[in-house]
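Me: Got a model I'd like to talk through with you. Can you take a look?

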Amino acid sequence: MPRAKIWGIIAVLVSAFLFALSIFSFFILPEGNFGFFSDVNLMNLHPLTYYSAAVPLGLISLWVLATGFWIGWVILSIKVVPPMPEIVEKKDNSKIKAFFLCLITAGLAVLLVYGIYLRNFWALAIPALVISAVILGAVFWVGMAIITTRATLPVNKN
Amino acid sequence: MKICLLTYRGNPYCGGQGIYTMYIARELAKLGHEVHVIQGPPYFPPMEGIHIHYVSNHNYFNIKQNYIKPHKPFATFSPLNFYEFIASKFGIFPEIETFSFRAYLKLKELLKIHKFDIIHDNQSLGYGFLLIKQFGIPFISTIHHPLSIDRSTWFEYPSDFRLKIKRVLYYPLIMQGFVARRMDHIITVSHDAANEINRAFGVKHEKMSVVYNGLDTDFFKPLPHIKKKPNSVIFVGNVEDRKKGVVYLLKAMTLTKTKFHLTVVDGGAPNRMYVTKWIDKFGLNDRIHFTGKIPGEKLIELYASHELAVSPSLYEGFGFPAAEAMACELPLIASDGGALPEVVGNHMETGYVVKSRDPYSLAEAIDYLLLNPEERKKMGKAARKRITEVFTWENAAREMEKVYREVIDAYSGF
């Protein structure tokens, strides 16, 4: 088997394993210690320890939510000439959806900040899980692409 | 002077950036300057007297499959590629931003050997340029038009929420505005574009210079031996680019008294999604012919065989197709979108200017010119004269040289 394919398989297996591990750590492992809506006591942590994790995670999450809000706001507020009636096929309700996008992202941002302030476990766990999922998902995707790519070299590279 | 030009796409046959850089590089070299070009793919071919430096790009945004190169299977995992890969999966167009960082790394390498007097970017404006500024070399950029125009003209057409989200994510307006305000100087290609850049990015007018684009008038010229097809009109441009206003031309076709035939040269739009639907809707299938991608020589023959060219754009920072048609002595009907009136010149003398988004005026203008052969001939000749006098790459390079000297002087004084 070509070496590239072996590394592709390793990338797929490692990313799948790490993702499974993070799901296990966040949702299954703590089950005996706390319920989904009850708090894990993060109060015992030194403020520096807590905020060294909470601030970067919170900032990344806020950046993602702000991007969502900004998209909604652009769609909601952009002023353009209405389209020629002949080419309009159906009613455009994107402004309503954009309004809800703004509302949801703003609400989530408030919840996130409040959650971090209260030292709620899920305010850190959910963003961490989402970020891990995106990065590991990309590694998995590329790994799969390496496995499924034909290993034939182009003529000039042979 | 030792000049370093940056362009994130070099190929002159797939977009305006490549054409601009290629001609500017060539003319500046002719003026005796040492010109280096750092370019991203697709690359333009090697040119005599120009030092070309290549930076890579995997084009993850456009290539959805087979992006793994068998000879470089792990290239996607390098930091910039991996960022580009993830960003493109979320609908962001990261090529400009990653080019700016790659150009920084390339420049860092080149500066060990060369000492550039000025660095001139061609509308990339990525965050990596803030690092390039740390080299202490005057750094300027050409902005053809702010991409906010593309975004708003795109929103003028009906689309759903998902597509609108994609469009908002696609255009890197926040980054370009942020970087543009921090460049030492901005060159733009028309006074209208300067106003739009001021409005969209907040770049002050005193920090901008207008240098008109040029046109290769030895290449774009009339071919008198080619016979004109009666009642033939040509449109050159990407029909899927909504700022080209092709829908207004289609509507105008249903309104004209003269039943003319339209040739569409749309090299940049291999996948026609919307325009075919609109053609069906207006019942114009038997009156329109698409050429697809054609070589430059064929394009000139097409200009020569048609009676009229139309440019109904909602906005143009400059409008190469309009200038090309004029250089080929073809009478042109252009909208007043963006810089087109600046390129066309005097209404009814060097071209016919109509209001943009107005199919009725467009239809009236097409009828008028198709029914007046003498007027067409006179207008075509005046159009070529204007292009050869005002819009040459030689003029552009001389103007550019003047701007470079002013910026370098101001920089050294600072």
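Me: What radius of gyration would a compact globule with 414 residues have, and what does chain B have?
Reply: A compact globule of 414 residues would come out near 22 Å, and chain B has 22 Å, so the two agree. That's taken over C-alpha atoms, with the globule rule being 2.2 Å times the number of residues to the power 0.38. Bear in mind this is a predicted model: local features need pLDDT of at least 70, side-chain atom pairs count only at pLDDT 80 or more, and totals for chains, interfaces and linings use all residues. Residues are numbered from 1 along each chain as its sequence is written, and chains are lettered from A and ligands numbered from 1 in the order in which they are written.

Me: How much of chain B is buried?
Reply: 49% of its 414 residues. Buried here is 20 or more other C-beta atoms within 10 Å of a residue's own, with C-beta atoms placed from the backbone.

Me: OK, domains. Where do they run in chain B?
Reply: Domain 1 covers 2–214 + 392–413, and domain 2 covers 232–390. The bounds come from an automatic or database domain assignment. Their centres, over C-alpha atoms, are 29 Å apart.

Me: And how many residues of domain 1 of chain B are in contact with domain 2?
Reply: 17 residues of domain 1 are in contact with 12 of domain 2 in chain B; contact is C-beta atoms, placed from the backbone, within 7 Å. On the domain 1 side, H5(B) gives the most, with four residues.

Me: Switching to the sheet. What's the strand order in chain B?
Reply: E3-E2-E1-E4-E5-E6-E7, an open sheet of seven strands with parallel pairing. Strands pair if DSSP finds at least two bridges between them, and the elements are DSSP runs numbered from the N terminus (helices H or I, at least four residues; strands E, at least two).

Me: Which strands stand at the edges?
Reply: E3 (50–54) and E7 (208–210) of chain B; each has a single partner strand, so one side of each is left without a neighbour in the sheet.

Me: What joins E6 to E7 in chain B?
Reply: Three bridges, with the two strands running parallel. One pairs B:Ile186 with B:Met208 in E7(B).

Me: Last one: how many residues of chain B are in contact with chain A?
Reply: 28 residues of chain B, against 28 of chain A. H6(B) gives the most to the chain B side, with five residues.

Key
Two residues are in contact if their C-beta atoms, placed from the backbone, lie within 7 Å. A residue is buried if 20 or more other C-beta atoms lie within 10 Å of its own, exposed if 12 or fewer, and partly exposed in between; C-beta atoms are placed from the backbone.
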